[in-house]
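Here is the note on the model you asked about. Please read it with the structure open beside you.

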Amino acid sequence: MLSGLHGPDEIAERFPIQPFDDFRARMVEMQALYKKRSKVRGTPEGEALRKQQNLVKKAARQDMLGWLGQTLLRRAHTKTALRERLVYFWADHFTAYGKAGVIKRATSPYIEEAIRPHLTGRFSDLLFACVTHPVMLHFLDQHKSIGPNSVAAARRGKSRGLNENLAREVLELHTLGVDGPYNQTDVRELAELFAGMSFQPNRGFKFRKDYSEPGAETVLGTTYDGKPTMAPVRAALDDLAAHPATAQHIARKLAVHFVSDDPDPALVTHLATRFRETDGDLAQVYQALLEHDAAWQPGLGNAKLPVDFVASTLRALNVAPERIQPLTEKEMRQGFLRPMAMMGQIWQLPIGPDGWPEEDGHWLTPQGLSARITWAMAAPEQLVPSLPDPREFVRTALGSYASEAVQFAAGAAESKSEAIGLVLSCPAFQKR
Amino acid sequence: MTLSRRRLLNLIGCSAAASPFLTPVSFAAGPWDNRLVVIILRGALDGLDAVQPYGDPAWPELRRTLAGGPEIGSPDLDGFFALHPAMRPLMPMWAAGDLGFVHAVSTPYRDKRSHFDGQDLLEAGTMSLAEGARDGWLNRLLQTVPGVSGDTAYAIGRGDMYLLRGSAPVANWSAEADLTLSPQALRLMELVMQDDPKMHAVLQEAELLAGADVDAGGKRRPGHIRTAAFAAERLRSDARIAAFSLNGWDTHQDQHRALPKALERLADVLLTLKEELTGPVWNKTGVVVMTEFGRTARENGTRGTDHGTGGVMIYAGGALRGGQVGGAWPGLGQAELYQGRDLEPTRDVRAYAAWIMRGLFSLDATTLETKVFPGVDLGDDPRMMR
C-alpha cells in the first residue's frame, strides 16, 4: 500500500496543477497593473487597466475551479489513493489561503508546492515548507510582522508591530497542539524569532533583515541566537518538530482522520512512538498506522467529508476526464462547489486555520445529509454518458459492504438515477 | 412521480439557482422563553445611507448622488434621521415601537478595514483577533447557561457561522436543503439507512425539516424570505436562538442601485419574522442586525462608499423598545470624522448586543463582560427593553 507513495507521482503529471512558484506571475502582473493604474485613475487609460486587472482575476478564478476538477480527477483515477488522502490531510493540517487579491486563488498551488513533495519525507521538512510559504505568511499575517526593536520599527514608529498569529498557530495547531507545554511568552518569543519572514510576488519568500528582532529568543527553554537570518528559525522549527508533544499531536490527528473519531489510545501511542523513534519520518509513521490492528477493525469508519464523497462518486462511476475538464466556471460552481457548500464544506475555505472538523456529527447533519442525497440523485447522470446498471453498481461501489437492504433498494427503485442515488447515499458509501 | 425537474435543474447546473444572498441558518435551543435572532450583514452596510442623518449640517456636502432625507422621499424618523426609502415598508413597525436603531457604533476593529477580519471580529466578539478565540460570541452565550442542549432534533449538528461556532450544541439547516424525493425513493432511502441508526435518525430529521419553502399559494418564495420563515417556524417551536447572514452590502459603486435591493431584502426578512412569529412569540423576540463596519462618510468617485468605521445597528422585535435612534451622535464635520473620513464610533456595538441579551436572558454583567464579550464595557443601560 505504501510502495506507490515512493514511486513517481504519475497522477500529478496526468492532471497537473500550477505550482505556486508559477502562480506568482499573476501576482506580479496584478501588482504592475495596480501601480500603473494608480497614476491614471479615473481616466480612460485607467479604465482600460482596470479591465486588464479583471481579466487576470477572472483567469485565476477559472483556473482555481479547474484545479478543483483536477483534484477530483486525481482522486478518481489514481492507483495510489493514499497519496491523495495524505495530501488532503496535510493541506488541512497546514490550512492556509489567500484573503484578498489574486492570491485568494492560490490554495491549490500552495498545496502542490508546499505539501505534495514532502508527503513521505520528514515532518520537519514539511513543517518548514508550509510555515515559510508565502500563502501561509499571508494567511497568518506574518509578512507584515515587525520586531518591536527592529530597524523597520525605528523607522516607522508605532504604526506597525509584531503579529503573533503565525507563531501561535505553529505551536497550537502545527506542532505541539493546544494542550502542549507552551505559554504566552513562548508565543511572543517565537513571534519575535519569526519577524522578518516575508515574501515578494516577484521572488517568493524573502527574509527581511530590517523586520527582524535583534537579540536572542527563548522558546520552550531553548535559546536561539538573534542573527537576522533564517538559521535560528529553522533550528526552532526543527526543535518543535522533534518535541514529544508534537509526535503525540500528529499521531492522534492521523488516527482520528484515518481510523475513528475516537481512536484506540494504543494506536495513537504506537504512531507517536514511531514518530519519535524515526525523527518524524512520515513514511514510517504511515507504515505504523497500516500495520496496527486497530486500523483494520471490521465495520465502517469515519463519515466521508463532502470532498471525499464527491471524489469517491467520481471514482465509483469512473468519470472520464473529458467530462470534467471542459466544464465552465459556472458549471463547476453549480455542479460541485455549491453542492459541497450545502454539504457543509466550502472548498478550501474552512472558517479558521484549524481546518475542517473531523467529527462525523459535524457532517452528517440533516442539512448535510439532505445535500448529499440530493446531489447523489441528480449529479451522476450529468457525469457519465449513461448510468451503469444499478445492480452492477452496488457491487462496484460497495464491494463486500453491500447490505441486503441496499441491494434490494438498487433493484426496486423507479429509475436508474434514483437507484444510483440510493447506493451513493447509503451508510456504506457515506463512510469508509 | 420522480425527483422534481426544478430540483434537478437547480442542482446540476441549468437553472438560475437559488439566491446567492443566503447562508445557512443556525439554531440553538435554550432554557428560556424569550427568542433572539442575530442577523449579520456581510460586506459592511452603509449606516449613513440606511439611517440618514439629514439633520446634520455637514451631511449634504458629503453625499452628492447619495443625498438622503425627507426632501428626496426618505421617511422621517425623528426630525434628525430619516430611513432609506427602500425600507419604507418597515415604517409601521417603527411606529409600533417594534423597530429601532443605534447609530455611530462599531466593534473594536479599527483601521485595516478588511471584510475578512472585520467579520471575524464581529462574530468572535473579542477585543482583537490576536486573542485567538475559536468560538463565536453567540456560542459562548450558550456556554454560560446551564441546561442548554441542542434542540434534540439537531443534537449532532454544529454551527456553520463563526458566530455560533463553539462547544455548545447548535444545529444547522438551510432552507435550500429541503429533501424532495419521490415517495418510493424516500421509502427505499429509509430502508438503506437502517444499516446505520444515527444516519437513519438524521434522515428522519431532514424529512421533518423540509417544507417551509412555499407560501400560502404554494409558490416557492425567495431564499431570504424562506430563511426568515424557517427561522420563525423553529423559534415558534423549541429553538430560542437563530442566526443567519445576508450578503450584498459592499457598495463601492452605484450605491443608489445596489443598496436598495439589499435593504428591501432586509425589510422582507424583518417583516416575515414579525408575520410568522405569530401571537405572543413576537412579543418575546429580539432581533439584532449587525455589520462588520460602516462605510466612508464621504461618497467616493464611483457613486459609492468605501470601507469605513462607525455604522448603524438595527434592532426589532416585540420584546425590545423601538421607535428610537439611540447612540451618541458624533457629528459629521471634518474634524469630527474618524481619521477625517469615517463616522466616529461613539460606543462599542457589543455593549448594545450585551444589554439586549441581558434583558432577554437575564445574564449578569460579569458574564457578559468577561465571557460573552471579553473586554466590553457595558456602560449605562441604553434602555432597549420594553
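1. Basis. This is a predicted model, in which local features need pLDDT of at least 70 and side-chain atom pairs count only at pLDDT 80 or more, while totals for chains, interfaces and linings use all residues. Residues are numbered from 1 along each chain as its sequence is written, chains are lettered from A and ligands numbered from 1 in the order in which they are written, and side-chain values use heavy atoms, with hydrogens and water left out.

2. Overall form. Chain A has 25 helices and four strands (DSSP runs, H or I of at least four residues for helices and E of at least two for strands, numbered from the N terminus). Its radius of gyration is 24 Å, close to the 22 Å that the globule rule gives for 432 residues, so chain A is as compact as a globular protein of that length. The radius is taken over C-alpha atoms, and the rule is 2.2 Å times the number of residues to the power 0.38. Along the principal axes, the C-alpha atoms fill a box of roughly 75 × 65 × 40 Å.

3. Domains. Chain A is divided into domain 1 (3-106), domain 2 (138-242), domain 3 (244-296) and domain 4 (306-430); the bounds come from an automatic or database domain assignment. The C-alpha centres of domains 1 and 3 of chain A lie 32 Å apart.

4. Where domains 1 and 3 meet. Nine residues of domain 1 of chain A are in contact with ten residues of domain 3 of chain A (heavy atoms within 4.5 Å). Between these two domains the count of salt bridges is zero (a side-chain nitrogen of Lys or Arg within 4 Å of a carboxyl oxygen of Asp or Glu). On the domain 1 side, the elements giving two or more residues are helix H1 (3-6) and helix H5 (81-93) of chain A. H5(A) gives the most, with seven residues.

5. A charged pair. The structure holds 44 salt bridges over all chains. In one of them, Arg116(A) pairs with Asp9(A), the closest N and O atoms being 2.7 Å apart. Arg116(A) is in the loop between helix H6 (107-115) and helix H7 (123-131) of chain A, and Asp9(A) is in the loop between H1 and helix H2 (10-14) of chain A, so the pair links parts of the chain 107 residues apart.
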